[in-house]
Amino acid sequence: MQEKDRSRLYIQLSRHNEVQAGPVRLAQVSRLYGVGAEEKKKLGRIELMCIKAGEYGRYSLSAGEIADKILKKYPWHPPVFLGDPELVLEYPRPERKPGSKDWIWTAFVSAVIFVGSAFTIMTFIRESDLDDLFAGIYDHLGMQGAADMHGIEIGFAIGMGLGMLLYFNHFGRFRLQDEPTPMEMEMHQYTEDAEETVLETGDTKGAQE
């Protein structure tokens, strides 16, 4: 009988993995080191869990659970995990084309945000007493007669709009710079927080031995 290769198996798990329904195998969610090409193929085919069609959501797996599945088939390959000791699998819902209800809802939310933002800005201007501030600027510049033309007010409004545009770093599909926008950074932080919650609560829907 041929002696088994008892080389040390090193595994680096991918923290976030987008998967589809069906079996999730080790090679899909990790990188394997320390073993030969043939052994790597065999180990990579180990089924970690099976996700049922339609059960969308996030699933978590720990290094201990993965090690148990490996040792059941290949006890001569005790794994050593590098990096994160846990991983998150995401089975996303399929994208669908927006319908009329989606457009109506988008228009309603946009209108609410527009009115709310305008009200917030007007409240800020009223509380900051910008009218008196602008009048004082006209007085210091000796331009009392130009106050009726509202030049500074117009410049303030344009500057605020341009400032918001530069801050959010994009307009529609046009990006001003390569850096991520504040919204993208917030979504990235939300994704990380969601993954941490999944790992801490041990939410493993549909996991199978």
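Visitor: Why is Tyr33 called partly exposed?
Guide: Tyr33 has a relative accessibility of 35%. Buried means under 20% and exposed means over 50%, so Tyr33, at 35%, counts as partly exposed. Please note that this is a predicted model.

Visitor: Where does Tyr33 lie?
Guide: Tyr33 is in strand β4, which covers residues 30-33. The protein chain has 10 strands, along with 7 helices.

Visitor: What makes Tyr33 part of a surface patch?
Guide: Patch residues need over 30% relative accessible area, and Tyr33 has 35%. Tyr33 forms a nonpolar patch on the surface with Tyr10 and Leu82. Together the three have about 250 Å² of accessible area.

Visitor: Which residues of helix α5 are buried?
Guide: In α5, residues 130-140, they are Leu130, Phe134 and Tyr138. These three cover an arc of only 85° around the axis, so they are on the same side of α5.

Visitor: What is on the other side of α5?
Guide: Asp132 and His140 are there, and both are exposed; that term requires over 50% relative accessible area.

Visitor: What do the buried residues of α5 pack against?
Guide: They pack against α4 (100-128) and α6 (151-168).

Visitor: How much of the protein chain counts as buried?
Guide: Of its 209 residues, 23% do. The accessible surface of the protein chain is about 15000 Å², and carbon and sulfur atoms hold 59% of that surface.

Technical notes
Residues numbered from 1 in each chain as written. Predicted model: local features only at pLDDT ≥ 70, side-chain atom pairs only at ≥ 80, totals over all residues. Heavy atoms only, no water. Patch = residues over 30% accessible without salt bridge, like charges linked within 9 Å, V, L, I, M, F, W, Y side chains within 5 Å. Areas by Shrake-Rupley, 256 points an atom, 1.4 Å probe, with all protein chains shown as cover. Salt bridge = Lys/Arg side-chain N within 4 Å of Asp/Glu carboxyl O. Helix = DSSP H or I, 4+ residues; strand = E, 2+ residues; numbered from the N terminus. Buried < 20%, exposed > 50% of the residue type's maximum accessible area, 1.4 Å probe, protein only. Arc of directions from axis to C-beta. Contact = heavy atoms within 4.5 Å.
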